[in-house]
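Here is a friendly walk through a two-chain model. Keep the structure open beside the text as you read.

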Amino acid sequence: MMNLTLKVWRQKNHKDKGGFVDYKVSGISTDMSFLEMLDVLNEELSAKGEDPVHFDHDCREGICGACSLYINGHPHGPQQTTTCQLHMRSFADGDVITIEPWRAKGFPVLKDLMTDRSAFDRIIQAGGYVSVNTGGVPDANEIPVPKIIADEAFDSATCISCGACVAACKNASAMLFVSAKISQLALLPQGQVERKSRAENMVAQMDAEGFGACTNIGACSAECPKGIKLSNIARMNREYFSAVLSSDNV
Amino acid sequence: MSWVTKTFKSTLGQKLIMALTGLFLIIFLIGHVTGNLLLFKDDGGQAFNEYADFMTTNQFVQILSITTYVSILVHIIYSILLTYLNKRARPVAYAKVDPPKESSFSSRNMGILGTIILIFLVVHLQGFWYRMHWGEIQQVTYDTGVYKNLYAVVVWAFQVEWMVALYVIAMIFLGFHLSHGFASAFQTLGLNHRKYTPAIKFIGRAFAIVVPALFASMPLYIYFFISAPEKLPF
């Protein structure tokens, strides 16, 4: 059982300035997830009639991308996983844990640790889909895709859009996310029809949302719970430059 | 907005400009360091002075020189634009930051490293480049003709401890700047490949050590092995 001090960012709403509030939690099991530890804190706050700490969460299985939290200087905390899969055994009794929301112009804080990540939805709406009719299920082996390319596309597609890359980046750049979404479709035959306009439109939307520019530091990939690779960003650059040079969009 | 303006106003377009100007400056460094190796030639500076004359009068070199000046300016301007854009992308800073070990010190501090190199560049250009182009320099006569004795200016400059120290320290910062910049430029151009990226990274690290070390060896060599000219060379 652990006793911890939490420095939690509290902010009433988007306009509020916000600030850190210290809380003590005790009797925390090392088997609890980080979110369960916060549940314990919130139960206590509710019992005292105080406003519980707001944070995003959904599946708690590490696959939905809803949970966030910038813990002790790392998105999703010290392990390369999602916050829901981060367990309290990663901390020691008596630790002081600083918990902040994702910090980016593109992710405004709604309340406490909850941010509005709909900027990512708008980037997907700008081109992260296949809209052409693909017809019925094709015969097996009719559209040949080499195994290495299929694996590459799958790796890119494992991005859960949590925004840890933006949170980790010194420049609050969303390029790891955008490049993964461009890559997963650019690599496969179904993505070819809209390949050029997709790259152009998604990059334009990313810029319009106010995310920063990549300086190839690599913090995003190192902190990504799914280990999305930096080679995706190089692919996005290739896709974008070849698209603007050769597309029909003047 | 035309597609060209739109492209160069995008984050990727601005990064492309940083990468292209950076790569051109890397090529410039290769030329600069190779030519300056003539300082080691034991001929009282004749080869170096003839080379310096060629570099300031040859028409083709003039074009390269202008491209270098433009590259330096554009590299600086776009670094400021991008830094401003990147700062605006995170209006509220984190209270606690712990960068992952995968991100290098250089990669996180390119702006600071670049600023230090810029300050060095002002001193460097004032001391040699400005003097060679517009300053008063003594002439020296060889059987090939009459030349400005830039060699004497160089030797005179590097008799002073703090100048030698400034150059050596500046080259260390240049090394750190290159250690990230070299490979980073290729990544920005989209050149990332399982076959070539490890080689690019290796060459980048080697370049970041070898080229600044060669540059730094010049003031050290002159300070320790070449005696000062009898009178002020300008």
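UniProt, in an unreviewed entry, places the feature "transmembrane region" at residues 16-40, 60-85, 110-130, 150-176 and 202-226 of chain B. UniProt positions are given in the numbering used here, feature names are shortened, and annotations may be inferred rather than shown by experiment.

This is a predicted model, in which local features need pLDDT of at least 70, side-chain atom pairs count only at pLDDT 80 or more, and totals for chains, interfaces and linings use all residues. Residues are numbered from 1 along each chain as its sequence is written, while chains are lettered from A and ligands numbered from 1 in the order in which they are written.

Two of the annotated spans can be followed from end to end. Residues 60-85 of chain B are 100% helix and 0% strand, with end C-alpha atoms 37 Å apart. Residues 110-130 of chain B are also 100% helix and 0% strand, and here the end C-alpha atoms lie 27 Å apart.

## The build of chain B

Chain B has nine helices and two strands; helices (H or I, at least four residues) and strands (E, at least two) are DSSP runs, numbered from the N terminus. Read from the N terminus, the order of elements in chain B is α-α-α-α-α-α-β-β-α-α-α. Along the principal axes, the C-alpha atoms of chain B fill a box of roughly 60 × 40 × 40 Å.

Where do the two strands of chain B sit relative to each other? Strand 1 and strand 2 of chain B form a hairpin with two residues between them. Strand 1 (residues 139-142) and strand 2 (residues 145-148) of chain B run antiparallel and are joined by four bridges; strands count as paired if DSSP finds at least two bridges between them.

## Where the chains meet

The interface brings 36 residues of chain B into contact with 38 residues of chain A, contact meaning that the C-beta atoms of two residues, placed from the backbone, lie within 7 Å. On the side of chain B that touches chain A, at least two residues each come from helix 1 (3-9), helix 2 (11-36), helix 4 (59-88), helix 5 (105-108) and helix 8 (161-188) of chain B. Helix 2 of chain B gives the largest share, five residues.

By class, this side of chain B has 17 nonpolar, twelve polar and seven charged residues. Here Ala, Val, Leu, Ile, Met, Phe, Trp, Tyr, Cys and Pro count as nonpolar, Asp, Glu, Lys and Arg as charged, and the others, Gly among them, as polar.

## Two domains in chain A

Chain A is assigned domain 1 (2-110) and domain 2 (118-246), with bounds that come from an automatic or database domain assignment. The C-alpha centres of domain 1 and domain 2 of chain A are 29 Å apart. Their contact takes 18 residues from domain 1 of chain A and 17 residues from domain 2 of chain A. On the domain 1 side of chain A, seven of the touching residues are nonpolar, nine are polar and two are charged.

## The sheet of chain A

Strands of a sheet pair through backbone hydrogen bonds, either parallel or antiparallel. In chain A, five strands form an open sheet with mixed pairing, in the order 2-1-5-3-4. Strand 2 and strand 4 (74-75) of chain A stand at the edges with a single partner strand each, so one side of each has no neighbour in the sheet.

Strand 1 (residues 2-10) of chain A pairs with strand 2 (residues 19-28) of chain A in the antiparallel sense over eight bridges, and A:Leu4 has A:Val25 as its bridge partner there. Strand 1 of chain A also pairs with strand 5 (residues 96-100) of chain A, in the parallel sense over four bridges. In strand 5 of chain A, A:Ile99 stands opposite A:Val8, and A:Val96 is the bridge partner of A:Thr5.
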